[in-house]
Amino acid sequence: MSLNTTIPTLEGDASFGAYVAQPAGTARGAIIVIQEIFGVNPGIRQKCDKLAAEGYLAVAPDLFWRLQPATSLDPDVEAEFTQALDLMGKFNQDAGIRDIEATIHHIRRTLGVAKVGCVGYCLGGRLAFMTAARTDIDASVGYYGVGIDGLLGEKHAIAHPLMLHIPTADGFVPRETQEAMHAGLDDHPKVTLHDYEGLDHGFATETGKRRHEEAANLADSRTAAFFAEHLG
């Protein structure tokens with residue numbers, strides 16, 4: 001099942017779908033899984049299922065719902081990759097952050113889980129940074145976030161812990177961008193950056209050609225420790 005619940009917008013005038021994975025017992029906390037440009041696809045749902053197995057309530061909101069509801073694309077299929085790039089170009093990121101904030105509210109007020117974190121990939125890595133700066137989320141993690149150098153003016157607003165995973169050979173995040181991220185964030189008391197030498201964008205995907213098993217496991221172990229410390 002790709003989407004199995006709905007969440008009301010902040011305005012309450014509409015709702016959007018989401019995939020929710022429930023832990024076996026009482027949740028340690030909740031984690032919002034923020035999609036890549038490929039939507040809430042099998043890889044994102046698998047991320048949720050793994051987090052649920054670790055004891056978290058995991059929620060992946062359908063952030064492309066205004067453009068193409070229930071988007072689920074395969075990055076290894078050229079035509080679907082092209083479609084994803086087109087959706088990315090049309091996507092309103094500010095509206096996406098409001099939907100993530102609505103998801104935070106839904107988790108706390110309706111689902112009854114007080115501690116909420118987020119983890120995002122690619123576009124979701126960028127949105128994880130924006131979520132850390134623009135909401136009261138308790139902890140955020142971004143994998144290979146794009147264009148974060150252009151968001152550094154918001155870093156003063158980051159009040160809760162943020163971890164960023166940066167592959168140094170990322171075809172979508174050039175060296176100059178990585179250097180700007182380090183220059184702007186290395187001394188931030190709430191931000192931790194991890195570099196992955198020689199690796200490319202998408203190395204921690206659950207499925208497909210982009211995955212690098214050893215590096216993915218290392219990054220995910222750091223993420224797990226981070227959430228255990230800050231969410232429970």
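How many bridges join strand S5 (residues 116-121) to strand S6 (residues 139-143), and do these strands run parallel or antiparallel?

A: In this predicted model, strand S5 and strand S6 run parallel and are joined by 5 bridges. Within this pairing, Gly 120 stands opposite Gly 142 of S6. The two strands belong to an open sheet of 8 strands with mixed pairing, ordered S1-S2-S4-S3-S5-S6-S7-S8. Strand S1 (5-8) and S8 form the edges, each pairing on one side only. From one strand to the next, the twist averages 25 degrees.

Helix H5 packs on this sheet, where it touches strand S7 (162-167) and S8, and its direction makes about 155 degrees with that of S7. The loop between helix H5 (175-185) and strand S8 (191-196) contains Lys 190. Lys 190 counts as partly exposed because its relative accessibility is 36%. Beyond its neighbours up to four places away in sequence, Lys 190 touches Ile 158, Ala 159, His 160, Pro 161 and Leu 162. The C-alpha atom of Lys 190 is 9.6 Å from that of Lys 155, which is 35 residues away along the chain.

A further packing involves helix H3 (residues 93-110) and helix H4 (residues 123-134), whose axes come within 10 Å and cross at roughly 65 degrees. H3 and H4 are therefore roughly perpendicular to each other, and H3 passes H4 in a right-handed crossing. Residues making the contact include Ile 97, Ile 100 and Ile 104 of H3 and Leu 123, Leu 127 and Met 130 of H4. The contact residues divide into 6 nonpolar, 2 polar and 3 charged.

Note on methods:
Residues are numbered from 1 along each chain as its sequence is written. This is a predicted model: local features need pLDDT of at least 70, side-chain atom pairs count only at pLDDT 80 or more; totals for chains, interfaces and linings use all residues. Side-chain values use heavy atoms; hydrogens and water are left out. Helices (H or I, at least four residues) and strands (E, at least two) are DSSP runs, numbered from the N terminus. Buried means under 20% relative accessible area, exposed over 50%, partly exposed in between (1.4 Å probe, protein chains only). Contact means heavy atoms within 4.5 Å. Axes are lines fitted to C-alpha atoms, for helices over the stretch in contact, and angles run from 0 to 180 degrees between N-to-C directions. Angles under 35 degrees count as roughly parallel, over 145 as roughly antiparallel, 65 to 115 as roughly perpendicular and the rest as oblique. A crossing is left-handed if the near helix is turned anticlockwise from the far one by less than a right angle, and right-handed if clockwise. Ala, Val, Leu, Ile, Met, Phe, Trp, Tyr, Cys and Pro count as nonpolar, Asp, Glu, Lys and Arg as charged, and the others, Gly among them, as polar. Two strands pair if DSSP finds at least two bridges between them.
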